[in-house]
Amino acid sequence: MTSKRSSAPVMADVAALAGVSYQTVSRVINQMPNVQPATRDRVLAAIKDLGYRPNTAARALVTRRSSTIGIISTESGLYGPTSIQRSVEEAAREGGYFAGSVGLKTVSTDALTDAIDHLLRQGVEGIVMIAAQHEAIDLIKRQDPGVPLVVVEGDLSRAKFAVGVDQHRGAYEATTHLLELGHTCIAHVSGPQDWTEAVARRQGWRDAITDAGHTPGPILVGDWTAEVGFRRGATLAADPEVTAIFSANDQMAIGILRALHEAGRRVPGDVSVVGFDDSPEAGYLIPPLTTVRQNFVEVGRRAIAVLTAAIHHQDEDLERLIAPELVRRDSTAPRSSPGSPP
């Protein structure tokens, strides 16, 4: 019978269980080369089995690395950016990094400079910036933090290291879905136009309609909230020509659904509605919302993979744009023929 361990496992215990030398365990922990994949897997399995936790201070002395990264985000509280930050933090932990976060109350040169300086004082090896606004991208381009910086969910064409969901493709597919159901007057409630995602989704909606040979329907600008979605939805509910609405996010779609209900326009009998994000409540609305799902877990994983490669001056052959997924639910249906019964 094996006796219960009375103290925390040490590196020698890992070496004994894996059947390797102390030095090999050290090389695996410190992510050094010249370790066979099978040996590395055996050491990692032993670490997991024993619950061994490396001494980060000692590791830093050996490798001259802090194994710490920084995350900068704007304090929006919105589902998308919050989910991205959580996924980046989780991927960082899985990659062996400690992640320190700084939230920007305002997007300004001084605020961004202060955030970067704060993180550099913590000895970060790299920074992930969750940048949703054009202004933030412009500020980043003028900064030289001296460590690799990966932009997540911004305009990927304007940053050296960048990862994000293909917003244009998601909007294009959502609008194409409505077109295939026979809708031709498709309205759009967009996000704020200083947000890169809002601009990309708006363009995807427009391109899908014009590529199909139709004229884009009404467009109203929102602010990502259900309250303003309700107001914009009330305006569109009064337009009998509108038979479908593409909302730039699920929160505004929730307000739109309420506005259509209060106006006596059935969803999807009279008007089909599509959102964007696939927020947790999307599948439990009345009716369940058709929406575009963003793989936030994959966003975090690729952001850390790109950052790690940059830290080690390696090429990371990863697709930077992640394909979204259209989730079809009951808020969309074929366009009703004029005069058809309810």
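Let me begin with a term: a residue is called buried if its relative accessible area is under 20%, exposed if that area is over 50%, and partly exposed in between, using a 1.4 Å probe and protein chains only. What we have here is a predicted model, in which local features need pLDDT of at least 70 and side-chain atom pairs count only at pLDDT 80 or more, whereas totals for chains, interfaces and linings use all residues. Residues are numbered from 1 along each chain as its sequence is written, and side-chain values use heavy atoms, with hydrogens and water left out.

Two strands are said to pair if DSSP finds at least two bridges between them. On that basis β8 pairs in the parallel sense with strand β6, residues 186-190, over four bridges, and valine 189 stands opposite serine 247. β8 also pairs with β9 in the parallel sense, over three bridges, with valine 273 in β9 as the bridge partner of isoleucine 245.

Now to the aromatic rings. Rings of Phe, Tyr and Trp (its six-membered ring) pair if their centres lie within 6.5 Å, and planes under 30 degrees apart count as stacked, over 60 as edge-to-face and the rest as tilted. How many aromatic pairs does the structure hold? There are three, and I will discuss two of them.

Tyrosine 79 is partly exposed at 29% relative accessible area, whereas phenylalanine 296 is buried at 8%.

In another pair, phenylalanine 246 and phenylalanine 276 have ring centres 6.4 Å apart and planes at 55°, so the pair is tilted. Here phenylalanine 246 belongs to β8 (residues 244-247), while phenylalanine 276 sits in the loop between β9 (272-274) and β10 (291-293), 30 residues apart. Phenylalanine 276 is buried, with 0% relative accessibility. Arginine 201 lies over the face of phenylalanine 276, at 3.9 Å from the ring centre; a charge sits over a ring if NZ of Lys or CZ of Arg is within 6 Å of the ring centre and within 35 degrees of the ring normal.

The loop between β9 and β10 also holds threonine 290, which is buried at 0% relative accessibility. With contact meaning heavy atoms within 4.5 Å, and leaving aside neighbours within four places in sequence, threonine 290 touches several residues, including His177, Val273, Leu326 and Asp330.

Finally, helix α6. In α6, Leu112, Ala115, Ile116 and Leu119 are buried. Seen down the axis of α6, the buried residues fall within an arc of 95°, so they line one face of the helix, the arc being that of the directions from the helix axis to the C-beta atoms. Those buried residues pack against β1 (68-74), β2 (98-104), β3 (126-130) and α7 (134-141). The face of α6 turned away from its buried side carries the exposed residues Asp110, Asp114 and Arg121. Just after α6, glycine 123 takes a positive phi of about 75°.

Terms used. Helix = DSSP H or I, 4+ residues; strand = E, 2+ residues; numbered from the N terminus.
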